[in-house]
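Reader: Could you walk me through this one? I'd like to start with the packing and then move on to other features.

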Amino acid sequence: MKKTTTLLLAGAVAALTVACGDGAGKKSAPMKIDNSLTEAEKSAGILTPEVMWKMGRVGGSVVSPDGETVLYTVSDYSMKDDKSSTHIWSVPTAGGEAVQITDGAGKESSIQWGDDGSRIYFLSTRSGEAQLWSAAPDGSDLRQLSAIEGGIEGYGLSPKGDKVYYIKRVQVEKRKSSEVFPDLPDSKALIYDDLMARHWDYWDDGSYLHLFVAEMKDGRMAEGVDIMPGEPWDAPMAPYFDAAEIAWNNAGTQLAYTCKKMKGKQYALSTNSDIYIYDLAAGTTVNITEGMMGYDKYPRFSPDDSMVAFTSMERDGNESDKDRLFIAVLATGEKKYLTKDFDYNAGNVTWDGNDKLWFLSPIRATYQLCKVGTDGSQVEVVTSGAHDLNAFTMGGGKLVAELTTLSTPSELFAVNLTDGMLSQLTNTNKEIYDNIRMGEVRERWVKTTDGKQMLTWVILPPDFDSTKTYPVLLYCQGGPQSVVSQRWSFRWNFQLMAAQGYIVVAPNRRGLPSFGQEWLDQISGDYSGQNIRDYLSAIDDVAREPWADETRMGCVGASYGGYSVYFLAGNHQKRFKAFIAHCGMFNFESMYCGTEELWFPNNDLGGSYWSDSPVAKRSYANSPHKFVKNWDTPILIFSGLNDFRIPYTENLQAYTAAQLMGVPARLVAFENEAHQVFKPQNSLVWQREFFGWLDKYVKNPQQETASAAKQ
């Protein structure tokens, strides 16, 4: 039984809203990057990579103490200069005109309001390195408050504004040969005696992010004191270094932070982080989650400082375990599990003033706002609809959320705390919405081979005509435990694919959040099993439609999705005309000792390739490289040469195998990218290669066949 529902389109975003500001906005100074659409782009009316990169990217919102104003950042990208600028904007929470309040060189981030709302604080690189700045709420009276050598990588103003923590990299250990042997200053070796020599996209050079606490004196930030002197670990934690893992108490006397105080092999095998509270007066640090074995993160003090809320995973080594919401009573050490009867994750946790905790949760491939009391009451899902609420901020009894859909990048919406109604506040990319046609998004429920129902997004080309047939793309999600939700991606963008004339099939296969923990856990130890069958169930179901051309189908994906592509390349029974894999796992044996976060393959593959575990033996027996003899379909392979998470050598192996098998193959290796592609010009290269490959082998395979015949 399949169910099809038409979802919100970009042109119909206003249907969500009760009130909507124009948002095109008057700016206090001209933008330094002009990303207006050309007349040709307006006339074509189609989303292209070039048009998409003209979109301003909204983020970093924060509501004023009186609830009247929300500040946020907008990043704009210059393709010509291959760089971006980020500035602060302001809009009333009741709706109205959005105004840019900072300009000039550099990037602004990490906005905070002072306690009385008379000043705003933020990081800026306008003087070179990132330093703390302050201004009036309208952007006037701009002042630089810090001058820390080397800059700072994050900060947090205490509630009273008299102190600030900041994050700075500190050299703790000697790794460089020139440090170990001072008489050899030109030597360029790195020396290690333990694991975690490299992580994601950097080599361990013996430096770590530490927390410093400083006084605010006469409107300036003094030099701070390292509260982790000599400690060889990061706070906030690698690899994301998220300042949201740190929080002041409301009295400004204690600082809670997240840290994984492990090194080397222990670090590589464990996800057991803890939450520590540092007392400024005593200079002491206490672990409040000792004995809780998974990731414990994101502490938040209650309004009276008697409790700390935090998220916690139960199982050490499982980075995708359920994010449970806990509170710790500081006087007694008692811990309460508030989401025990709620089968979804909790994130972006925030206290209100009434012993309620508000948080975001992935529910049936969307992200919704939820709340729960500290008294053990049931979780209430406040919002609903086909959207992702990706972050939110509260102040003065008002709540503003950052919202995306599959057809719109992030914009700000006010949320009614009583009924969950959404009112759009910003319309940052109005010119694009007004001139570019988006495709219809359909919610489709597909029956899986084990009799379950799977939500699959189907995105149709703009101006879709059901009497015609279209080429079809199967999208394979990465993670592997990352939901295919109502997100907007600036690379794996479904509307962009649809705009080039493809039907996109994006299944929420086994192993993805938002459908309960059993659905999520199933993939671990079963990479080649049910989730692969889920992919095929989704594409086969859509392929039966009269408007889907089953003779022109492609398969694409990154990371775990790249693994999926590699595996399906040897096990697709002639379904697909072309494959595209980005940074995928190809050879599980080389991957195991080539990666760094060993908890990941231990959990998901069942252990090492020399393990006697039946799960591990099955995983390694079904590694994609074991099926290369079946490869017979053109494949495009992307890799970042700074990718150490899934080492770039995995993709070199796949490319070599394809070439030796005589399969048409192309390798695109980015010298200055890692697991993702971030730089504007690199991203355009990625998109042009991506669509060039699909057009050649999927959209127009007859032309390629004819060309080959002539040769």
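Reader: What is Met585 in contact with, leaving aside its neighbours within four places in sequence?
Author: This is a predicted model, and in it Met585 is in contact with Tyr527, Ser559, Tyr560, Tyr563, Tyr566, Met591, Phe600, Pro624, Ile646 and Glu650, once neighbours within four places in sequence are set aside.

Reader: And which residues touch the most other members of the largest nonpolar core?
Author: That core has 65 residues, and those touching the most other members are Leu474, Ile503, Tyr527, Leu568, Met585, Trp631 and Ile635.

Reader: What lines the largest cavity?
Author: Its lining consists of Asp343, Tyr344, Asn345, Pro513, Ser514, Phe515, Gly516, Gln517 and Leu520, which by class gives 4 nonpolar, 4 polar and 1 charged residues.

Reader: Now the sheet with E7 in it: in what order do the strands come?
Author: The order is E7-E8-E9-E10, an open sheet of 4 strands with antiparallel pairing. Strand E7 (108–113) and strand E10 (143–144) each have a single partner strand, so each stands at an edge with one side left without a neighbour in the sheet.

Reader: How many bridges join E9 to E10?
Author: Strand E9, residues 131–135, is joined to E10 by 2 bridges, with the two running antiparallel, and Ser134 stands opposite Arg143 in E10.

Definitions and conventions
Residues are numbered from 1 along each chain as its sequence is written. This is a predicted model: local features need pLDDT of at least 70, side-chain atom pairs count only at pLDDT 80 or more; totals for chains, interfaces and linings use all residues. Side-chain values use heavy atoms; hydrogens and water are left out. A nonpolar core is a set of buried Ala, Val, Leu, Ile, Met, Phe, Trp, Tyr and Cys residues joined through side-chain atoms within 4.5 Å. Buried means under 20% relative accessible area, exposed over 50%, partly exposed in between (1.4 Å probe, protein chains only). Contact means heavy atoms within 4.5 Å. On a 1 Å grid over the protein atoms alone, a cavity is a set of points where a 1.4 Å probe fits but cannot get out, and a pocket is an open set with protein on both sides within 12 Å along at least five of seven lines; lining residues have an atom within 4 Å of a point. Ala, Val, Leu, Ile, Met, Phe, Trp, Tyr, Cys and Pro count as nonpolar, Asp, Glu, Lys and Arg as charged, and the others, Gly among them, as polar. Two strands pair if DSSP finds at least two bridges between them.
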